Amino acid sequence: MDKADVEFLVDLATRFYVLGQTQARIARELDLDPATVSRHLKKARDDGIVRIEIRRPRNLHLELGRELAAYYGIKRAVVVADDDGGSAAVAAAAAEYFSSQLTNGARIGLSFGRMLSSMVPLLTAGTVSDLDVSMLLGGFGRAMPGIQGHELARHIASLYPHSRIHYLQAPLLVDSPDIQQAMLKDGSIQAALQAAANAELALVGIGNLDDNAPLIRYGHLSTEDQKRLVQSGAVGDVSARFFNIWGEPVSVLDDRLIAIERDALARIPTIVGVAVGPEKYAAIQGALRSGYVDVVVTDERTARVLAQVAKETPEREGKKGGKVG
């Protein structure tokens, strides 16, 4: 097809599928035979100009979500029913929610992780433009494809026209405080971290400390570092800022991390955390109390466990979710 043919099919398909015009009206306005209109609409589908997607409505537990948000003092909990497809459904629900929060020119912060790598490809493309995408933490040398922050940032920028990325060209964890201090003096690293601090909406995973967690599985946390964190009470992290079950900072590695500072992370107006599964229960609980998560997307089973824990556990003074720092 030449360009004129493509433009004709796009115009025809837009009238029918987007504007809702009948084939008879299109034929009348374009001085065509109705059968010709029908034939061209079929061609638009066959050639991939039109793609038809049937989407089952997401089965959400709204009341459970409201309860969970209230118990932990966060803005919202999006809870996907257990019979709606497991972690894949959670990723889809997270993509739908995050897409709904995007606006033209929004400043976006990104963490990393397996759940994020599942949901980012499901974001609704082209709905906004001119996003400013920043990485909340440095990268690591070895990992499964698709989970690193720079990969996720590149994918998001490709979905929305005229978007820009502030790459943080640094490792997440360095060998000593001296190396960290030297790297933090670098102008490009300072600029990337400042861009991250200016984010107004962030998307993060919630990490834990079991042996299958990406930071540990791929050797970025040594056995000794893992042991120090656990002995200090750490149960999980958001953007490599570790915390205990009450959401209180566990800072044993802070002097070796290249990542957004805790207070800057907490000041981001809306942080969407995505996590699911029994191995994440304690980490999610700590994250919801830390002030580093404003909206959580999870499944029904996880939400029920966390809500029950909140009911049965008296809150430590000053630890009722919400922003910190």
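# A tour that starts at helix H3

Select Asp-33 to begin: this residue caps the N-terminal end of H3, with a side-chain oxygen 2.8 Å from the backbone nitrogen of Ala-35. That is a polar contact, meaning a pair of N or O atoms within 3.5 Å; within protein, one must be able to donate a hydrogen and the other to accept it, and residues adjacent in sequence count only if both atoms are side-chain atoms. Before you go on, know that this is a predicted model, where local features need pLDDT of at least 70 and side-chain atom pairs count only at pLDDT 80 or more, while totals for chains, interfaces and linings use all residues. Residues are numbered from 1 along each chain as its sequence is written, and side-chain values use heavy atoms, with hydrogens and water left out.

**Along H3**

Now select residues 34-46, which make up helix H3. Helices (H or I, at least four residues) and strands (E, at least two) are DSSP runs, numbered from the N terminus. The 13 residues of H3 should span 18 Å at 1.5 Å a residue, and the end C-alpha atoms are 19 Å apart, which agrees. That expected span is 1.5 Å times one less than the number of residues.

Colour Thr-36, Val-37, Leu-41 and Ala-44: these are the buried residues of H3. They sit on the same side of H3, because they cover an arc of only 135 degrees around the axis. The arc is taken from the directions between the helix axis and the C-beta atoms. Buried means under 20% relative accessible area, exposed over 50%, and partly exposed in between (1.4 Å probe, protein chains only). Turn to the face away from the buried side and you'll find the exposed residues Arg-39 and Asp-46. After H3 comes Gly-48, with a positive phi near 85 degrees.

**Across the sheet**

Next, show the strands. Seven of them form an open sheet in the order S1-S9-S8-S5-S2-S3-S4, with parallel pairing. Its edge strands are S1 and S4, each pairing on one side only. Two strands pair if DSSP finds at least two bridges between them. On average, neighbouring strands of this sheet are turned by 20 degrees against each other, direction ignored.

Zoom in on S1, residues 76-80: four of its five residues are buried, so this strand is largely enclosed by the rest of the structure. S1 pairs with S9 (residues 295-299) in the parallel sense over five bridges. To see one of these, pick Arg-76, whose bridge partner in S9 is Val-295.

Move along to S2 (residues 107-110) and S5 (residues 201-205), which run parallel and are joined by three bridges. Here Gly-109 has Ala-202 in S5 as its bridge partner.

**Two loop residues**

Most residues other than glycine have a negative phi. His-162 has a positive one, near 65 degrees. Find this residue in the loop between H7 (149-159) and S4 (164-166). Is His-162 buried or exposed? With 63% relative accessibility, His-162 counts as exposed.

Then select Ser-239, in the loop between S6 (236-238) and S7 (241-243). Its phi is also positive, near 55 degrees, but at 1% relative accessibility Ser-239 counts as buried.

**Zoom out**

Finally, show the whole chain, which has 14 helices and nine strands. Of its 325 residues, 50% count as buried.

How values were computed. Axes fitted to C-alpha atoms, helices over the stretch in contact; angles between N-to-C directions.
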